[in-house]
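Please look through the structure shown here, one part at a time.

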Amino acid sequence: MLQRLKREWDRNAIVYIFLVPALIHFLIFQIFPFGFSFVLTFMDWKVIGTPEFVGLKHWAAFLNDKLAWKAIWNTVLFSIYYIVPTMAMGLILALIINSGVRFKKVFKGLFFLPVVTSFVIIAGLWGWLFSGTESGMVNYFLSFFGIDPQLFLSDSGQALMVLAGLSIFKVSGSTMIYYFAGLQSIPKQLYEAARIDGASKMRIFWTITFPLLKPIHFYVAIITTIGSFQIFDSTFLLTGGGPNYSTTTIVYYLYEQGFTSLNLSYAAVLSYVLFFIILTVSLIQRKYLGKESSIY
Amino acid sequence: MTYLLKKIVMYTALILLTFTFLMPFVIMIMGSFKEVQYAQVDPLFWIPDEISLNNYVHIFRDGIFMRWIFNSIVITIIPVASQMLLCAVLGYVFAKKQFPGREIIFWIFMAVIMIPQQLLIIPKYIMFADFGWINTYWSLIVPELWGIMGVFLVRQFLQNIPNDLEEAAYMDGANDIQIFFKVILPLSIPVVATVGTFSFISNWNDLFQPLIYMTKEEMFPVTVGLASLLGKEGNFGIEMAGSTISFLPTFLIFLFFQRYFTEGIQMSGLK
């Protein structure tokens, strides 16, 4: 008996020594907060004083909160400005580094650089580039074309687009990597056959490359959608949700409710709304990606 | 002729893209060498006419800025080291070990990845307030000691490695811990480097969590510190110098480990 236990310990010591503490850590910092957050949505949890059960009060408040719905709408709008350009940009960059251009590695590194750079740094630069005064660099360039200075971040019609531009710049390098991997997995014989048949480059792109990248398009679409629903940093850094709430996104609103107004329970409701949206997107991914990824 | 035309179009596009991607970083570095009073007057101020080190001098004399950098180092180095070790061990456990509940635990891990971190921030804030972890390094270090994504990457990597090596070592009388350190870990260096680089970038650049757990200025990491400078009048040169300094470690890590970033992204996305 003892012998068997000893053998079992020798063979699986690592499981007990490392996995058990890791699981406890996992319960404390992932599982418990997840459940606690849900309980929180039914309570009035003041920072000081005892918590009080209030039932669906905060959920009902959410349904009637025009600003919350505006934040959701802003986030959807942000996704519209952001998803397709990020995918297109990633594909273009991948095609460039896959095209046998010289200094391929240098370009790959350059395009990826914003991905590893902090939002704070890029936002600092962006704020200056898109400064709404005549000394802003983008306005300076626009003046060459006879375009009047734009307000950019202080214009409620433009601010969200400028923020989407920042995210596109920041993220398209990682989209490029997915597309690059996808491009390399397309069998070379297909291209050779098409070339023998005399197909033009454009034709080859639209009939071979683009459709064969379908699983990649799908995957990238999902992760950029999930990313876009969690957008916070650029709004926090550049616009503070304004002007006129035009850049108040779900996570920014959650932050404001939770940590500026200290409505922790209401912020928990908003975080669950975010979770349900992301869960839906992920489930759609599960449903379709499983089938699509076995295309070649 | 059309060949030449295509080349011209191609290289024009390339130059434009290079310009777009490089320009912000050039502006940042040039801006950091500019005297404060000139910074915002001229839109093309990034073309240097006189290099001044005053912004850097200011930052290195300013105790709070050095403190921010120190804070960033603390909350980055410890999780990076710990993630590399723990994710390697746990990845190994899930790739090669048989134990009851292995599949279901891993399945739960994969499900939990879908939970947006913003959902956990409010309960974690309440918990940490109870623990007395607000404005301490604990709040940013302890939850980051290992990560599911890292475990997933190591597991993927080790599943492609034959079991023979391990079994041979086991036959020779090595125990689990010895096998891990002498056989598995040396083999896993590329994937462990990937886990480390990702962890470095995400901790060094994190804004959301320190913004919430750190309310005292002297506990800010450099991201939150820089954010507090952002857009304040007359700070542009200092902000750019601070950005350049905080960008430098990221840039060096990226320069040396570029391969691991791209491989990590591919591994996590395409199974």
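A:Gly165 counts as partly exposed because its relative accessibility is 22%, and a residue is called buried only under 20% and exposed only over 50%. The model is a predicted one. A:Gly165 belongs to helix α7 of chain A. Along the chain, A:Gly165 and A:Phe78 are 87 residues apart, while their C-alpha atoms are separated by 9.9 Å.

Next comes another helix of chain A, α6, which covers residues 137–144. Which of its residues are buried? They are A:Met137, A:Asn139 and A:Leu142. These buried residues pack against α5 (119–129) of chain A and also against α1 of chain B. Just after α6 of chain A, the residue A:Gly146 has a positive phi of about 70°.

The last stop is a pocket. The second largest pocket has a volume of about 1400 Å³, and 34 residues line it. Those that lie nearest its centre are A:Leu95, A:Ser99, A:Lys201, A:Phe205 and B:Met10. Which elements give two or more residues to this lining? From chain A they are α3 (66–97), α7 (159–184), α8 (188–196) and α9 (201–212), and from chain B there is α1 (2–32). By kind, the lining residues divide into 22 nonpolar, six polar and six charged.

Methods:
Residues numbered from 1 in each chain as written. Chains lettered and ligands numbered in written order. Predicted model: local features only at pLDDT ≥ 70, side-chain atom pairs only at ≥ 80, totals over all residues. Heavy atoms only, no water. 1 Å grid on protein atoms, 1.4 Å probe; cavity = no way out; pocket = protein on both sides within 12 Å on 5 of 7 lines; lining within 4 Å. Points joined across faces, edges and corners; volume = space filled by probe spheres on them. Helix = DSSP H or I, 4+ residues; strand = E, 2+ residues; numbered from the N terminus. Nonpolar A, V, L, I, M, F, W, Y, C, P; charged D, E, K, R; others polar. Buried < 20%, exposed > 50% of the residue type's maximum accessible area, 1.4 Å probe, protein only. Contact = heavy atoms within 4.5 Å.
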